[in-house]
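Q: Can you walk me through this model? I'll jump around a bit.

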Amino acid sequence: MLITSLQTFFPVSFETHYICDMEQFVVSARKYRPNTFDEVVGQSHVAETLMHEITQNKLAQAFLFTGPRGVGKTTCARILAKVINTQEGQSEQSDFAFNVFELDAASNNHVDDIRNLIDQVRIPPQVGQYKVYIIDEVHMLSKSAFNALLKTLEEPPEAVKFVFATTEIRKVPVTVLSRCQRFDLRRVPTEMMAGHLKSIAEKEAITIDEVALMRLARAAEGSVRDALSLLDQAAALTSDTIHDDAVAAMLGQAGRMDAIEIISAALTGNTKGALDGLAGAVRSGAE
């Protein structure tokens with residue numbers, strides 16, 4: 001009904017252009033997902049270790065990436081799978097996807113799911129050197145599913161690598177942990193996050209001031225995915241010209257002018273002005 005009404009005011013087909021524009025937009029977290037270890041933000045300790053293992057041909061049979069949400073666990077798992085299958089003398093880069101199998105343990109956590117996976121493991125790769133099985137949110141597997149995986153995990157076929165990712169390392173049995181090479185991914189520091197957001201903003205022709213960048217970076221709490229989602233939201237709110245006060249309002253925080261008003265009133269002994277400023281900030285959603 002809304003689209004039909006709007007067509008009255010737009011001689012061009014509004015519905016066609018509206019849907020086309022929506023289909024073209026890709027959220028920044030997907031659009032700028034790293035494709036190489038060099039592009040992964042804030043996890044150089046993980047990237048360097050893995051690249052050394054690959055170049056020295058000292059790959060473990062199983063890897064486990066753990067850390068907070070949005071810091072690159074699944075991304076690192078996919079890059080690892082890609083790199084070990086696109087080295088010189090192995091498959092072409094376009095073929096590596098045939099050797100990578102992803103399982104979401106949140107929705108495939110039963111013992112039968114793992115048994116099906118084990119049956120596939122026995123089949124050698126058709127192209128490339130390794131078959132890589134990525135199990136995301138591995139802590140969601142049931143106890144029986146973990147037990148079914150143990151033997152294969154300890155002695156997998158030579159052409160098979162397992163890569164696990166989890167935000168809940170304490171829920172993974174020690175019997176599984178002892179069979180994996182563990183990598184702890186860190187929260188991305190605020191300054192580094194702000195720099196990453198700035199580079200994305202420049203690529204997207206988004207104007208954003210430094211104070212707003214820092215506010216977004218702090219609000220993300222070390223999560224790159226959260227930071228990029230907030231950047232998308234702020235860009236949509238402000239039509240790609242982002243100022244700190246708009247970000248503060250979006251996040252439900254007091255903006256610079258709110259803080260200046262409250263502090264200025266307090267320093268001049270204007271009790272009512274300070275309290276009114278505080279009340280206004282609280283009404284706008286500030287903590």
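This is a predicted model: local features need pLDDT of at least 70, side-chain atom pairs count only at pLDDT 80 or more; totals for chains, interfaces and linings use all residues.

Q: What covers the buried residues of H7?
A: The cover includes strands S1 (62-66), S3 (131-136) and S4 (160-166). Helices H6 (111-121) and H8 (174-177) are also included. Helices (H or I, at least four residues) and strands (E, at least two) are DSSP runs, numbered from the N terminus.

Q: Which residues of H7 are buried?
A: Ala145, Phe146, Leu149, Leu150, Thr152 and Leu153. Buried means under 20% relative accessible area (1.4 Å probe, protein chains only).

Q: New topic. What is the strand order in the sheet?
A: S2-S3-S4-S1-S5, an open sheet of 5 strands with parallel pairing. Two strands pair if DSSP finds at least two bridges between them. S2 (100-104) and S5 (181-184) each have a single partner strand, so one side of each lacks a neighbour in the sheet.

Q: How many bridges join S2 and S3?
A: 5, in the parallel sense. Phe101 stands opposite Tyr133 in S3.

Q: Which helix gives the most to the lining of the largest pocket?
A: H5, with 4 residues. H3 (28-31), H5 (73-84) and H11 (224-238) each supply at least two lining residues.

Notes:
Residues are numbered from 1 along each chain as its sequence is written. Side-chain values use heavy atoms; hydrogens and water are left out. Buried means under 20% relative accessible area, exposed over 50%, partly exposed in between (1.4 Å probe, protein chains only). Contact means heavy atoms within 4.5 Å.
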